[in-house]
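Q: I'd like to go through this model with you, a topic at a time. Could you keep the terms defined as we go?

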Amino acid sequence: MSLEKVKEYFKQYNIERRIKELDETSATCFLAAKALGTEERRIAKSMGFLVKETPIIIVTSGDMKIDNSKYKHLFSVKAKMLTADELIKFIGHPVGGVCPFAVKENVKIYLDISLQRFETVFPACGSINSAIELTIPELEKYSHFEKWIDVCKGKE
(Lines give C-alpha, C1' and ligand atoms only; values in the text may rest on other atoms or scores of the structure.)
Protein backbone atom coordinates (compact mmCIF):
# COMPACT_ATOMS: atom_id res chain seq x y z
CA MET A 1 0.00 0.00 0.00
CA SER A 2 1.22 3.45 -0.96
CA LEU A 3 0.44 5.04 2.43
CA GLU A 4 2.57 2.40 4.14
CA LYS A 5 5.48 3.23 1.81
CA VAL A 6 5.19 6.90 2.71
CA LYS A 7 5.07 6.10 6.44
CA GLU A 8 8.17 3.94 6.07
CA TYR A 9 9.89 6.71 4.08
CA PHE A 10 9.11 9.30 6.76
CA LYS A 11 10.51 7.06 9.52
CA GLN A 12 14.04 8.08 8.50
CA TYR A 13 13.08 11.65 9.43
CA ASN A 14 11.07 10.62 12.50
CA ILE A 15 7.94 12.38 11.22
CA GLU A 16 5.72 9.43 10.26
CA ARG A 17 3.44 10.20 13.24
CA ARG A 18 2.64 13.60 11.72
CA ILE A 19 0.68 11.94 8.90
CA LYS A 20 -3.03 12.58 9.29
CA GLU A 21 -5.22 9.63 8.33
CA LEU A 22 -8.65 11.06 7.68
CA ASP A 23 -12.08 9.51 8.14
CA GLU A 24 -13.21 11.06 4.89
CA THR A 25 -11.66 11.22 1.42
CA SER A 26 -9.07 13.86 0.57
CA ALA A 27 -8.74 12.76 -3.06
CA THR A 28 -9.32 16.25 -4.50
CA CYS A 29 -8.10 19.64 -3.32
CA PHE A 30 -11.63 20.66 -2.40
CA LEU A 31 -12.25 17.49 -0.37
CA ALA A 32 -8.79 17.63 1.24
CA ALA A 33 -9.31 21.23 2.33
CA LYS A 34 -12.71 20.37 3.78
CA ALA A 35 -11.37 17.30 5.62
CA LEU A 36 -8.36 19.20 6.98
CA GLY A 37 -10.21 22.41 7.83
CA THR A 38 -7.99 24.60 5.67
CA GLU A 39 -8.13 26.58 2.45
CA GLU A 40 -8.04 24.75 -0.88
CA ARG A 41 -5.04 26.82 -1.97
CA ARG A 42 -2.95 25.39 0.91
CA ILE A 43 -3.33 21.84 -0.44
CA ALA A 44 -0.08 20.84 -2.15
CA LYS A 45 -1.48 19.25 -5.31
CA SER A 46 0.87 16.68 -6.89
CA MET A 47 0.38 15.92 -10.58
CA GLY A 48 2.22 13.30 -12.63
CA PHE A 49 3.46 13.83 -16.19
CA LEU A 50 5.84 12.11 -18.60
CA VAL A 51 8.59 14.25 -20.14
CA LYS A 52 9.98 12.15 -22.95
CA GLU A 53 10.74 8.93 -21.02
CA THR A 54 11.08 10.54 -17.57
CA PRO A 55 8.17 10.59 -15.11
CA ILE A 56 7.86 13.85 -13.20
CA ILE A 57 5.69 15.22 -10.42
CA ILE A 58 4.84 18.89 -10.28
CA VAL A 59 3.59 20.05 -6.88
CA THR A 60 1.43 23.18 -7.02
CA SER A 61 -0.90 25.12 -4.80
CA GLY A 62 -4.42 23.68 -4.78
CA ASP A 63 -5.92 26.73 -6.47
CA MET A 64 -3.59 26.60 -9.48
CA LYS A 65 -3.75 24.98 -12.91
CA ILE A 66 -0.92 24.09 -15.25
CA ASP A 67 -0.33 26.76 -17.88
CA ASN A 68 0.29 24.75 -21.05
CA SER A 69 2.49 27.38 -22.70
CA LYS A 70 4.72 27.76 -19.62
CA TYR A 71 4.96 23.97 -19.31
CA LYS A 72 5.89 23.53 -22.98
CA HIS A 73 8.45 26.33 -22.78
CA LEU A 74 10.12 24.71 -19.77
CA PHE A 75 9.94 21.02 -20.74
CA SER A 76 9.80 21.29 -24.58
CA VAL A 77 6.78 18.97 -24.74
CA LYS A 78 3.02 19.40 -24.40
CA ALA A 79 1.64 18.81 -20.89
CA LYS A 80 -0.15 15.47 -20.69
CA MET A 81 -1.08 14.15 -17.27
CA LEU A 82 -0.49 10.50 -16.50
CA THR A 83 -3.49 8.18 -16.42
CA ALA A 84 -4.46 6.28 -13.28
CA ASP A 85 -2.61 3.16 -14.49
CA GLU A 86 0.44 5.20 -15.51
CA LEU A 87 0.59 6.87 -12.08
CA ILE A 88 0.94 3.46 -10.44
CA LYS A 89 3.41 2.24 -13.07
CA PHE A 90 5.71 5.29 -13.22
CA ILE A 91 5.19 7.09 -9.89
CA GLY A 92 4.00 4.40 -7.48
CA HIS A 93 0.99 6.24 -6.02
CA PRO A 94 -2.73 6.12 -6.93
CA VAL A 95 -4.94 8.97 -8.14
CA GLY A 96 -5.92 11.07 -5.13
CA GLY A 97 -2.84 10.01 -3.18
CA VAL A 98 -0.05 11.19 -5.46
CA CYS A 99 2.70 12.87 -3.47
CA PRO A 100 6.41 13.64 -3.84
CA PHE A 101 7.45 11.11 -1.18
CA ALA A 102 8.41 7.43 -1.53
CA VAL A 103 8.18 7.60 -5.31
CA LYS A 104 9.87 5.27 -7.77
CA GLU A 105 13.59 5.84 -8.29
CA ASN A 106 13.67 7.75 -11.58
CA VAL A 107 10.87 10.25 -10.79
CA LYS A 108 11.87 13.92 -10.83
CA ILE A 109 10.06 16.29 -8.47
CA TYR A 110 9.41 19.97 -9.23
CA LEU A 111 7.84 22.50 -6.88
CA ASP A 112 5.83 25.35 -8.38
CA ILE A 113 6.40 28.83 -7.00
CA SER A 114 2.67 29.08 -6.21
CA LEU A 115 3.46 27.18 -2.98
CA GLN A 116 5.84 29.88 -1.76
CA ARG A 117 2.88 32.04 -0.65
CA PHE A 118 2.38 29.87 2.43
CA GLU A 119 4.25 28.99 5.62
CA THR A 120 2.79 25.47 5.58
CA VAL A 121 1.03 23.29 2.99
CA PHE A 122 -0.70 19.91 3.02
CA PRO A 123 0.52 17.28 0.52
CA ALA A 124 -1.10 13.86 0.32
CA CYS A 125 0.71 10.82 1.72
CA GLY A 126 0.00 8.08 -0.80
CA SER A 127 -3.69 7.42 -0.19
CA ILE A 128 -7.05 9.10 -0.82
CA ASN A 129 -7.46 9.91 2.87
CA SER A 130 -4.07 11.05 4.14
CA ALA A 131 -2.04 14.25 4.36
CA ILE A 132 0.78 15.87 6.27
CA GLU A 133 1.31 19.52 7.14
CA LEU A 134 4.79 20.66 6.16
CA THR A 135 6.63 23.96 6.11
CA ILE A 136 8.04 24.93 2.73
CA PRO A 137 11.62 24.09 3.84
CA GLU A 138 10.35 20.68 5.02
CA LEU A 139 8.62 20.09 1.68
CA GLU A 140 11.89 20.91 -0.08
CA LYS A 141 13.85 18.56 2.16
CA TYR A 142 11.52 15.57 2.16
CA SER A 143 10.60 15.73 -1.53
CA HIS A 144 14.21 15.84 -2.76
CA PHE A 145 12.98 18.24 -5.44
CA GLU A 146 14.94 19.19 -8.57
CA LYS A 147 14.12 22.90 -8.54
CA TRP A 148 11.45 25.55 -8.17
CA ILE A 149 9.55 26.24 -11.39
CA ASP A 150 6.80 28.58 -12.61
CA VAL A 151 4.30 26.60 -14.71
CA CYS A 152 0.93 27.63 -13.31
CA LYS A 153 -1.90 30.01 -13.92
CA GLY A 154 -4.64 30.54 -11.41
CA LYS A 155 -6.04 32.69 -8.69
CA GLU A 156 -3.58 34.95 -6.97
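Q: To begin, what volume does the largest pocket have?
A: The largest pocket has a volume of about 360 Å³. A pocket here is an open set of points, on a 1 Å grid over the protein atoms alone, where a 1.4 Å probe fits, with protein on both sides within 12 Å along at least five of seven lines; grid points are joined across faces, edges and corners, and the volume is the space filled by probe spheres set on the points. This is a predicted model, in which local features need pLDDT of at least 70 and side-chain atom pairs count only at pLDDT 80 or more, while totals for chains, interfaces and linings use all residues. Residues are numbered from 1 along each chain as its sequence is written, and side-chain values use heavy atoms, with hydrogens and water left out.

Q: How many residues line the largest pocket, and which lie nearest its centre?
A: The lining has 23 residues, with Ala27, Lys45, Ser46, Gly96 and Val98 nearest the centre; a lining residue has an atom within 4 Å of a point. Two or more lining residues come from each of α2 (29-36), β2 (43-51), β6 (120-123) and β7 (130-131), and β2 gives the largest share, six residues. Helices (H or I, at least four residues) and strands (E, at least two) are DSSP runs, numbered from the N terminus.

Q: What does Thr60 touch, leaving aside its neighbours within four places in sequence?
A: Thr60, which sits in strand β3 (residues 54-61) and is buried at 0% relative accessibility, is in contact (heavy atoms within 4.5 Å) with several residues, including Ile43, Lys45, Asp112 and Cys152.

Q: Now the rings: how many aromatic pairs does a search of the whole structure find?
A: It finds ten, counting rings of Phe, Tyr and Trp (its six-membered ring) whose centres lie within 6.5 Å, with planes under 30 degrees apart taken as stacked, over 60 as edge-to-face and the rest as tilted. One of them is Tyr9 with Tyr13, which is edge-to-face because the planes are at 70°, with the centres 5.7 Å apart. Ring pairs also link Tyr9, Phe10, Tyr13, Phe101 and Tyr142 into a cluster.

Q: Which parts does the pair of Phe75 and Tyr110 tie together?
A: Phe75 lies in helix α3 (residues 68-75) and Tyr110 in strand β5 (residues 108-112), so the pair ties together parts that are 35 residues apart in sequence. Their centres are 5.3 Å apart and their planes at 75°, so this pair is edge-to-face.

Q: Last one, where is Asn14, and what is its phi?
A: Asn14 is in the loop between α1 (2-11) and β1 (20-21), and its phi is near 60°, a positive value in a residue other than glycine. Asn14 is exposed, with a relative accessible area of 57%.

Terms used
Buried means under 20% relative accessible area, exposed over 50%, partly exposed in between (1.4 Å probe, protein chains only).
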